[in-house]
Amino acid sequence: MLARTMLLTALLLVFVVAVQADGHCDDEIGCVVLAPDDPVTIGVMSALSGPVAFLGEDSVGGVEIALNRRGRTSLGREIELITEDSLCNAEGGQTAAQKIASDELILGVVGTSCSGAAASALPVISAAGMLMISPSNTSPALTNADMDAGGLWQPGYYRTAHNDEFQGAMAAEYAMNELGAASAATIHDGDPYTDGLQAVMARTFGEMGGDVVFQGAVNKGDTDMTAILTEIATNPPDVLYFPIFEPEGNFVAAQSQDIPGLEDTILMGADGLLVAGFPAATGEAAIGMYLSGPYLSSDDYSAFLEEWDAEFGGTPPSGFHAHAYDAANILLDAIEAVAMEQEDGSVVIGRQALRDAVSATEGHAGLTGILTCNETGDCATGEALGMYLITEAEVNEGKWPPDVIWSKAEAMMDDM
Amino acid sequence: MTQTRTVSRNKLFGIPLPAGHTGVDLIISALRIIIVALIIIGAGNTLLEGRFTFEQWLALLFAGLAQGSIYALIALGYTLVYGILRMINFAHGDVFMAGAFTTVFLANSFRQSGFLDSQPLLAILILMGFAALVSMTVAVLLERIAYRPLRNAPRLVPLITAIGASFFIQYTFRGLFGSGFKAYPTVAFLRGTFSVGSINVPIAQLFVFVSAIVLMICLYWLVERTRIGKAMRSVSEDKEVATLMGVNIDLIIVFTFAIGGALAGAAGVINGLFRPQGVNFFMGFFPGIKAFTAAVLGGIGNIPGAMLGGMFLGVIEAIGPNLVLNGLGIPSANQLKDVIAFTMLVLVLIFRPQGILGERLSAEKA
């Protein structure tokens, strides 16, 4: 009996010592302890395969450049990047998040690419005590904490992408105030992203006194848009807003040319179509089309593009590389701020402390503007949005990006 | 089996049925009536409302026929392979992609050099030949590497292999040409319209339709009138007897894949001239599914059936949502165009389980 008690006591002692050697973790959701030779590990969840694989390519490139600029080291250690394919759907997000969550060394994740993937990845990441910063989720639901109203927010979610509430409203304001449109039609493709964006645009346009004459949808994979365009042509709108992706967006734009009745309708898309190949791949129909999207103009961004060209060749394939760059920097800044060096050379990072540090991000001067995170993880303010106009130069001469003819930030300045 | 039939023959939910009817018969009859009634009500409402003009309906019809021609050309590949091997080659959509994606680069260099504008017809023929060659190579390799070793395996094995091969082809081409979207150049002479009285048909659509018909007639002639066609038909009829008659089965099967591949490649270029945008490694997936549907609709294994099924599907997709769903007051009708297409598939199959032109397969063939 005595021997047993002594054994138990001894075991307990060993355990206590082990915990102490672990470095006094008093974080409520746990700590990551980096042994002296462990790297600083961060994850990326992106669409690396499937039809929007370019989104993943774009984001991973942004993260890589952020790491390069930091010499690929943090806390005096090498930074290790774990990349998982989250596709652009719920299953992909789930799988990628499970893989990330099973690696206890991962501190935080940059991702996902698509809102649909984030919706299923977030519960896993949140339960694992990790955090994710998305460079391109724009669905309003993700930073809405009101579950009864369809909110999906959970602790540990952040994004540097602009909420669709900003972009959809901007499209409506621009159509009405700058283009003088009185009526609008919208097309989405069933994706929560495109549906949400067109809904915000239509609602704002209606509230401003405009007439929303048609709200419809196509399917991903459709190539023939004659049917829906013919239906729209029965009551032609001043503006046709289709915040969808390639290739469906190319088909809508190109085929709208051949539909009698739509000759005077102004075409307007969103950042899903703000892709380097879009004008050339659409042809003449794209001339005069407006695209809303992230607007980046700093000198630092020009330097970024040069580094991109040197590293990967060419220009980034989509519009969220700078957001991914900012996301990686916010994450690494937070890691460096909360890391506690131990005497034995190990480093302890509290998971809640890390979330708090990201939440406390204020006035972060990123490539996409000044970022300040609110309590539900929206770090972008919508000021880094602009309206692009596609001209002949983009279609025929390969000019990219197109000129920004109006920007939210400048309009806000004018109002003041 | 016998038991369930006896039980269901006389009663459904306790209600006695007319002699000689099963519960399944009754449900299918009810389904037929409901679907037909919905179509009539929907179409009637739309036409009475008069929202679309006659010209708009015609424009939809022509667009549907052109789109259907593309489906039909791809569907031929499914039907040919099914006719010979009784297997569904689910990678066939990607064979189509292989030709279309590879040729887009040649097409754009033809445009830059001015060849496409100075000799459009010759250039298009060269492009079609090139795409046919690429797709043919992919199809033949597919048969040799993925299907031939499994020819005597249970039937589900090559089916799963086909799905794997489909991914393999897609991501090989992604590796080769990247994940971005490309576009075919627009050809000047295809941009205009062809007018008869007050009816205007875009020349591009006419071009698609005519080239598809020409290719299909060539194929029909090949299968019905040539020696190798006769050998193909004999292999389709009974492989063992064909072997005894001195037919080289392997050669015929490779030839079938080659022909199907060549048609898919040509369809890739025709599609590119008609719908220039959206060329990327994933472009074969949906047309593949649609073409498979078209092949089933027309009666799988039957060549004129695949043509008819493709045209029918294309027209239904173009006209169906506006004609039927709008009349039924369903919002976002166009998003449901696949519902219309597949409802039509169900409708055709409950009236004619073997497809529009299909023959009832004997137990041995099926």
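**Reading a sheet, a helix pair and an interface**

User: In which order do the 7 strands of the open sheet in chain A run?

Analyst: Happy to start there, bearing in mind that this is a predicted model. Strands of a sheet pair through backbone hydrogen bonds, either parallel or antiparallel. Here the order in chain A is β9-β8-β10-β11-β12-β17-β18, and the pairing is mixed. The edge strands of chain A are β9 (211–217) and β18 (403–407), each pairing on one side only. From one strand to the next, the twist averages 25°.

User: In what sense do β8 and β10 of chain A pair?

Analyst: Strand β8 (residues 183–188) and strand β10 (residues 239–241) of chain A pair in the parallel sense, over 3 bridges. To find one on screen, look at A:T186, whose bridge partner in β10(A) is A:Y241.

User: Now the helices: at what angle do α8 and α9 of chain B pack?

Analyst: Two packed helices are described by the angle between their axes and the distance between the axes. For α8 (residues 203–225) and α9 (residues 227–237) of chain B, the angle is about 75° and the axes are 5 Å apart. That makes α8(B) roughly perpendicular to α9(B). On the α8(B) side, B:L222, B:V223, B:E224 and B:R225 meet B:G229, B:M232 and B:R233 of α9(B). The residues of this contact divide into 3 nonpolar, 1 polar and 3 charged.

User: And how many residues of chain B are in contact with chain A?

Analyst: 32 residues of chain B are in contact with 31 residues of chain A. On the chain B side, α3 (54–85), α12 (285–298), α13 (303–325) and α14 (337–351) each supply at least two residues. The most come from α3(B), with 5 residues. By class, the side of chain B that touches chain A has 14 nonpolar, 12 polar and 6 charged residues.

Terms used:
Residues are numbered from 1 along each chain as its sequence is written. Chains are lettered from A and ligands numbered from 1 in the order in which they are written. This is a predicted model: local features need pLDDT of at least 70, side-chain atom pairs count only at pLDDT 80 or more; totals for chains, interfaces and linings use all residues. Two strands pair if DSSP finds at least two bridges between them. Helices (H or I, at least four residues) and strands (E, at least two) are DSSP runs, numbered from the N terminus. Axes are lines fitted to C-alpha atoms, for helices over the stretch in contact, and angles run from 0 to 180 degrees between N-to-C directions. Angles under 35 degrees count as roughly parallel, over 145 as roughly antiparallel, 65 to 115 as roughly perpendicular and the rest as oblique. Two residues are in contact if their C-beta atoms, placed from the backbone, lie within 7 Å. Ala, Val, Leu, Ile, Met, Phe, Trp, Tyr, Cys and Pro count as nonpolar, Asp, Glu, Lys and Arg as charged, and the others, Gly among them, as polar.
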